[in-house]
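Please prepare a briefing on the fold, the core and one hairpin of the model shown below, with the cut-offs behind each term.

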Amino acid sequence: QQLLDPRNEEIRDKMGQYHIVVGEAISATELRTEDWSKGRPKDGSKPNTLIAAIMTPSGKVPVGRSKSGGFLGTTFGAKEDGDIVIGPEAQITQSFQVEDCLVHEMNDLISPVALWRYVDQLRIPGF
């Protein structure tokens, strides 16, 4: 309901633009490809992905591994648990070729947590 509030129109637009990559098609395989050029990390974890971030009209979106545990959710001391995520925690569920575009179906929104915190500040008690 907060996103339907007229005061959040700019936030809705910005969130939508985090889901667009202009000028190039990036496949799910490319996003999931791990960088083994430096060998296995000393701690035994899986290596980072070759693509560390993608550029969208709204800004840079990180690509990495999901995290669990830690203090305050996944903020401090969280450990990577292996799944590749785009943004805070979105994963690709399916990919489709639609005319000359590549579309990835995600299981979550890609928008950064900071946008949601901004929307929460606009919540008016009693409405």
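Does Val-103 count as buried, partly exposed or exposed, and at what relative accessibility? Val-103 counts as partly exposed because its relative accessibility is 36%, where buried means under 20% relative accessible area, exposed means over 50%, and partly exposed lies in between (1.4 Å probe, protein chains only). This is a predicted model, in which local features need pLDDT of at least 70 and side-chain atom pairs count only at pLDDT 80 or more, while totals for chains, interfaces and linings use all residues. Residues are numbered from 1 along each chain as its sequence is written, and side-chain values use heavy atoms, with hydrogens and water left out.

**Overall fold**

- The protein chain holds three helices and five strands, in the order α-α-β-β-β-β-β-α from the N terminus on; helices (H or I, at least four residues) and strands (E, at least two) are DSSP runs, numbered from the N terminus.
- Of the 127 residues in the protein chain, 23% are buried.
- The accessible surface of the protein chain is about 9000 Å², with 54% belonging to carbon and sulfur atoms, as given by the Shrake-Rupley method with a 1.4 Å probe, where for residues only the protein chains shown count as cover.

**Nonpolar core**

- The largest nonpolar core has 12 residues, among them Tyr-18, Val-61, Ile-86, Ala-90 and Ile-110; such a core is a set of buried Ala, Val, Leu, Ile, Met, Phe, Trp, Tyr and Cys residues joined through side-chain atoms within 4.5 Å.
- Helix H2 (28-32), strand E2 (59-68) and strand E3 (79-86) are the elements that give two or more residues to this core.
- Leaving aside residues up to four places away in sequence, Ile-110 touches Tyr-18, His-19, Val-61, Ile-86, Gly-87, Pro-88 and Ala-90, a contact being heavy atoms within 4.5 Å.

- Two residues lie between the strands of the hairpin, and Glu-99 in the turn has a positive phi of about 50°.
- Glu-99, in the loop between strand E4 (92-98) and E5, counts as exposed because its relative accessibility is 76%.
- Val-103 has its place in strand E5 (residues 101-106).

Methods:
Pairing = 2+ DSSP bridges.
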